[in-house]
Amino acid sequence: MGFQDTAGLYGAAAALRLALFTFFPALPDLLTSRVEVSTPVTSFKRLQEGLFLYNHNVSPYDGGVYHQAPLLLPLFSLLPDAQAYPYFTYLLYVLVDIVSADALYKIAESGEAAVSKLFGSARKDRQWSGYVVAAIFLFNPFTIATCLGRPTNVFTTCAILHAISKAISGNPLTSMLALSFAAYLSMYPILLLPPLVLLAYDRQHPSKKITSILPFTGITILTVTASLSMLLAISYLLTGSWEFFSSTYGIQLTLTDLTPNVGLWWYFFIEMFDSFRSFFLGVFWLHLSSYVGGLTIRIRSQPLATITILLGIFSIFKPYPSIADISLSLAVVPLFRHIFPLMRYTFFAASTILYSTFLGPAFYYLWIYAGSGNANFFYAITLVWSLGQSLLVSDLTFAILRDEWEVERPEMVGKEIRQI
Amino acid sequence: MRSFLSYLIPLLLLFSDVFASDYHEQLNLKPLPQSSLLASFNFRSNTSLSQFEAHNFRPMGCRELGRAPWDGTKEGGTGVELWAWLEADTEEEADLKWLTLTNALSGLFCASLNFIDETRTTRPVMSFRPEGDHGSALDNMHLLHGVLPHEIVCTENLTPFLKLLPCKGKAGISSLLSGHKLFDASWQSMAIDIRPICPQGQECVLQIEQTIDMVLDVERSKRPRGNPIPRPPPGHDLKCNTSKPYHSGDTCFPSDFSEGVEWSLDQLFGKPLKGTCPLTDLDVPPVCIHAPESRDILTTPGVTELKNPDGLSRCYQIPSEGDFSMILPHMSREGDNAKTVADETVQPETPLLYAERSFTGHGQERGGVQSILINPSPDTVVEFVYMESLPWFMRIYLHTLQARVEGTSGVKDDIVEEIYYRPALDRTRGTQLELRVRIPPASTVFLTYEFEKSILRYTEYPPDANRGFDVAASIITILPSTSPGAPPSRRKTSNLRTTSLLLSLPTPDFSMPYNVIIFTSTAIALAFGGLYNILVRRFVGADEGQAAGGLKGKLALLVAKLSARVKAAKGKVE
């Protein structure tokens, strides 16, 4: 089990991406301009604009275009100009994808999905190997489209996967560092903190173990707070003001930019009555964060399952979702290969997602370019997309819980059941 | 002269509150090719600063207006523009004064200037230069500029405009102005400029200059009042383009205009000029016309003609009483006394710069702007500031800004010398982009940039949302030439405006806020409810637990009872 096994896979994935970049030179910019790939808070084109302003000493946060984290600016200004030498950017994004896949490989190889500290599935032998899980991630069309479209949430994806992988390998501090980086970039990953703390607590190294959960939680939260404040302080030093705060995180809270995306928020808040806007913003955020506590407590024995379900929920209900989020959510689902037989609506969920994947761009075209459809066409597709995904997520939850129940009652395997 | 005028002042104040020291007015007519006529009305009056403050502008709110050294509005087919230098210590104070000014002017001119809010206000950095004499007062000045591209100028703006004149449209050249003709013109513009003038060793005066420019289509304006509706002319009245090869007695290619139509002043404006305004400066001839000396012009008797030595224009001193009119008869292009176009009209001088701006791209997601700037002169470099003030919902990407030069060989590519950019903030302020450009002789510059069209909240769209949003004209300030041999016309700044643009944004469905709220909430409720259901309920085998429990059990029980009863009834019947 080492890099040699996967080198071929990673090489193939990198080659495929570079081939797409090389042989279809118009494809990256086409995907960058798609609303399904780029959102106001992740768009590569907006990053270019922010970078241009940053390099010309205009504050990118004193404007309505750039809403991404300040540390991305010096990172990308180190790279040569993306217009003149695009290959440096391409290589960076290919590398990030492979690093994410490597983290996923480690998560899968650990077997945490089937056998955690407090729970061991009866079906643990049916798991997919890390190689397969990494391959599914790397060759998922959503992941490839994301890589070509170069939104900046691939960095968030990478950080989240590393946070999980480090927590499993018994490095709670590194894991928390990775999580704070993800939260710094996109804010919503901070909601993954409770299950991640539990995961890290369960998977501590026996040699340096903290046996009580309270001090452990204290230390991890302190780590996250410290590293987040550090990142924010560096950003402050970099931009010279706290303007970036309202521009990067404030926009996710207030949704001032209503550019269409695959989520449910944009059309809802276009059509919302002004007097109820702030109320519903509060409700939507409350709804998004309400899952964390319940799931963490209910599926206490399998923190990785909680994280998987939460990632699925975030990709549906976060303010600016894109296909990069579903590619992350679909990346961790194959870890639970062993419970796929317990899922009831896989065909329906998969076909709904495929249906909306193909009809979404078509309906968007009808609305924006052809003028023969209106906004409701695209809105309807985002509804279908969200329903398909939420079906997948709740079906996965059902399967996880049933798997847990069957450990208690092995005689019920394969029998019809109901919930009371 | 001056003593005479100062003697007049107390008298004048009885009639007019505004006009004090001196006043003159002039109408400049300029026949243009293609049977058009440019009529420029100019009214200029001076008032000393002390009187200005002592009289009707006593209230605090308006003193700022008085202090504003230079303040102009320009109204035309493309909206209303207002800019002013305001004296203030801080930006906030300037904003407050700006608010007062826009509201005051809005009332004064019956225009919606009060809609110039913070999203439509910019602070130009390189464009506009103060006019008049300011001394050191400029240090504390804030230049603010606002524009309403969608504002339509109409009669209700002309009436207060004329009210400001001492003769109020009853006598003098202002008697020609009527809403019917002015707003029927092919192009019209109304402007008011206020600037302080400080002659050496005298008290400073405030100069108010009101101008109205209009380009009249001669044939259209000549249409008699009795027959105002345009109808297709009968066949024998059709004007044909005789240059077409197929032109003959029975085929006719209609021409848009006919050259050399006879016209008179009272025909074009619908009424004659009624004498002179008694308050006007007698040295300034009230009517001038730019036409070559070979052009025949007939006037009403009692008029003195003053020929300009350059032979290209002449002016008329008209009697203070009685009507004045002039006739430009048809000049024959054939026969012994044939005249050419050059005999009839003075060739318009070539402007320093041609500018046009348009949108590129299609669809309602993104687009581009292309400005084409042409320097027609074969030998002079033109330096100018190109200013755009764009609405916030047009998100421009400055990194896509490109300036391409075409024309003379060997020109350097970086013709943009300086950029000032203030990005838009959603719902707070618009984009301000100023470029200082040097354009080489005989070449064309293509300025392009890309932008994204934002989608707005449904309450932010106007009732006619699918018409689109007006984008203000870009303003080009041509900077004075620095070379010593430049002609006098190049020694001062001049402004140029492109047309305004119509930006169409993606629109939501305005009819269904309730539906959207209900659908989205249902989707969320389904997801949340489904997950909640799975999380909180216990698993049991299908055949376990209380079989008859719940609604289903009760229903099954009810069905069993009913069927038993039906069976029993059947049994009885049989």
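## Report on a predicted two-chain model

In chain B, residues 24 or more positions apart account for 72% of the contacts with a separation of 6 or more, two residues being in contact if their C-beta atoms, placed from the backbone, lie within 7 Å. The model is predicted: local features need pLDDT of at least 70, side-chain atom pairs count only at pLDDT 80 or more, and totals for chains, interfaces and linings use all residues. Residues are numbered from 1 along each chain as its sequence is written, while chains are lettered from A and ligands numbered from 1 in the order in which they are written.

**The two chains**

Chain B contains 11 helices and 28 strands, where helices (H or I, at least four residues) and strands (E, at least two) are DSSP runs numbered from the N terminus. Of its 574 residues, buried ones make up 30%; a residue is buried if 20 or more other C-beta atoms lie within 10 Å of its own, exposed if 12 or fewer, and partly exposed in between.

Chain A has 18 helices and 1 strand. Its radius of gyration is 21 Å, close to the 22 Å that the globule rule gives for 420 residues, so chain A is as compact as a globular protein of that length. That radius is taken over C-alpha atoms, and the globule rule is 2.2 Å times the number of residues to the power 0.38. The C-alpha trace of chain A spans about 65 × 50 × 50 Å along its principal axes. In chain A, 53% of the 420 residues count as buried, and 74% of the contacts with a separation of 6 or more are between residues 24 or more positions apart.

**Helix packing in chain A**

Helix H10 (residues 193-202) of chain A has its axis within 10 Å of that of helix H9 (residues 172-186) of chain A, and likewise within 10 Å of that of helix H11 (residues 213-239) of chain A. Axes are lines fitted to C-alpha atoms, for helices over the stretch in contact, and angles run from 0 to 180 degrees between N-to-C directions.

| Helix pair | Crossing angle |
|---|---|
| H9(A) and H10(A) | roughly 165° |
| H10(A) and H11(A) | roughly 125° |

H9(A) and H10(A) are therefore roughly antiparallel, whereas H10(A) and H11(A) are oblique to each other. Angles under 35 degrees count as roughly parallel, over 145 as roughly antiparallel, 65 to 115 as roughly perpendicular and the rest as oblique.

H9(A) passes H10(A) in a right-handed crossing. A:Pro172, A:Ser175 and A:Leu179 of H9(A) meet A:Leu193, A:Leu196 and A:Ala200 of H10(A) in this contact. Its residues comprise 5 nonpolar, 1 polar and no charged; Ala, Val, Leu, Ile, Met, Phe, Trp, Tyr, Cys and Pro count as nonpolar, Asp, Glu, Lys and Arg as charged, and the others, Gly among them, as polar.

Between H10(A) and H11(A), the contact is made by A:Leu193, A:Val197, A:Ala200 and A:Tyr201 of H10(A) and A:Ile213, A:Phe216, A:Thr217, A:Thr220 and A:Val224 of H11(A). These residues divide into 7 nonpolar, 2 polar and no charged.

**The interface**

The contact between the chains takes 50 residues from chain A and 47 from chain B. On the side of chain B, strand S20 (394-407), helix H10 (513-536) and strand S28 (539-541) each give two or more residues. H10(B) supplies the largest share, 14 residues. By class, the side of chain B that touches chain A holds 27 nonpolar, 11 polar and 9 charged residues.

**B:Ser294**

B:Ser294 is found in the loop between strand S11 (287-290) and strand S12 (298-299) of chain B. With 12 other C-beta atoms within 10 Å, B:Ser294 is exposed. Leaving aside neighbours within four places in sequence, B:Ser294 is in contact with B:Lys339 and B:Asp343.

Terms used
Left-handed = near helix turned anticlockwise from the far one by under 90°.
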